[in-house]
Amino acid sequence: MKVLYINTLYAPYAVGGAERVVQTLAEGAIEAGHEAVVVATVPGKAISAAWVNGTKVHYVGLRNLYWPFSERRNPTALKPLWHALDTRQYWMASAVDRILDTERPDLVHTHSLSGFSTLVWRSVKQRGLPLVHTLHDYYLLCPKATMFRANKNCRRQCIRCSPYALLRRHGSNLVDEVTGVSKFVLERHLSHHYFHATP
């Protein structure tokens with residue numbers, strides 16, 4: 001079986017836990033006798049492929065206003081527009097379309113989707129492929145993915161986040177199976193009516 005994983009980042013561009021989880025899953029799949037392919041974003045505009053510990057990785061240059069993982073401080077004034085563009089990333093979804101047609105996986109497992117947007121779910125389901133999503137944070141609920149503002153946790157989704165989240169919530173119904181890194185993270189999404197068509 002060939003499993004294609006989609007995550008915002010992958011080695012050597014790794015800054016958080018999601019990348020390590022995806023790498024563990026991909027390398028574990030290979031050890032179990034399956035094929036693993038990863039799609040991740042990188043700075044710049046180029047698309048390239050490389051092998052990382054037996055895993056084929058497609059690096060897709062992020063098409064947005066700036067690379068958000070730079071050590072430099074990103075321009076505050078551009079952040080709302082960056083997140084608006086990230087809500088419907090047609091160019092990135094198109095790149096994923098081509099990779100799906102080339103790789104022809106048996107299963108797609110998405111993780112953190114910042115940079116790609118939930119449009120990749122539509123790409124997967126247009127090909128009739130089974131789709132699993134793992135929730136690592138609150139990206140689907142909040143542009144910052146944290147639900148944290150003014151030094152405290154947000155009790156509910158704020159008005160500023162709602163427009164970004166609307167299309168993401170609608171797209172969640174395309175997912176065949178969903179899991180969270182904790183029950184709390186999963187239940188929080190379900191309480192906001194995400195994945196209501198997902199068993």
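**Cavities, cores and a helix face in a predicted model**

Strand 6 supplies three residues to the lining of the largest cavity, the largest share; strands (E, at least two residues) and helices (H or I, at least four) are DSSP runs numbered from the N terminus. The model is predicted, with local features needing pLDDT of at least 70 and side-chain atom pairs pLDDT 80 or more, whereas totals for chains, interfaces and linings use all residues. Residues are numbered from 1 along each chain, and side-chain values use heavy atoms, without hydrogens and water.

A cavity is a set of points on a 1 Å grid where a 1.4 Å probe fits but cannot get out, and lining residues have an atom within 4 Å of a point. About 70 Å³ of space lies in the largest cavity, and its lining includes His-133, Thr-134, Leu-135 and His-189.

The largest nonpolar core has 35 residues, and Leu-4, Ile-6, Val-39, Val-108, Phe-116, Trp-121 and Phe-195 touch the most other members. Such a core joins buried Ala, Val, Leu, Ile, Met, Phe, Trp, Tyr and Cys residues through side-chain atoms within 4.5 Å, buried meaning under 20% relative accessible area with a 1.4 Å probe, protein chains only. Helix 3 gives five residues to this core, the largest share. Phe-195 has contacts (heavy atoms within 4.5 Å) with residues including Trp-121, His-133, Leu-135 and His-189.

In helix 2 (residues 79-87), Trp-82, His-83, Asp-86 and Thr-87 are buried. Seen down the axis of helix 2, these buried residues fall within an arc of 145°, so they line one face of the helix; the arc is that of the directions from the axis to the C-beta atoms.

Conventions:
Buried < 20%, exposed > 50% of the residue type's maximum accessible area, 1.4 Å probe, protein only. 1 Å grid on protein atoms, 1.4 Å probe; cavity = no way out; pocket = protein on both sides within 12 Å on 5 of 7 lines; lining within 4 Å. Points joined across faces, edges and corners; volume = space filled by probe spheres on them. Lists of a residue's contacts leave out its neighbours within four places in sequence.
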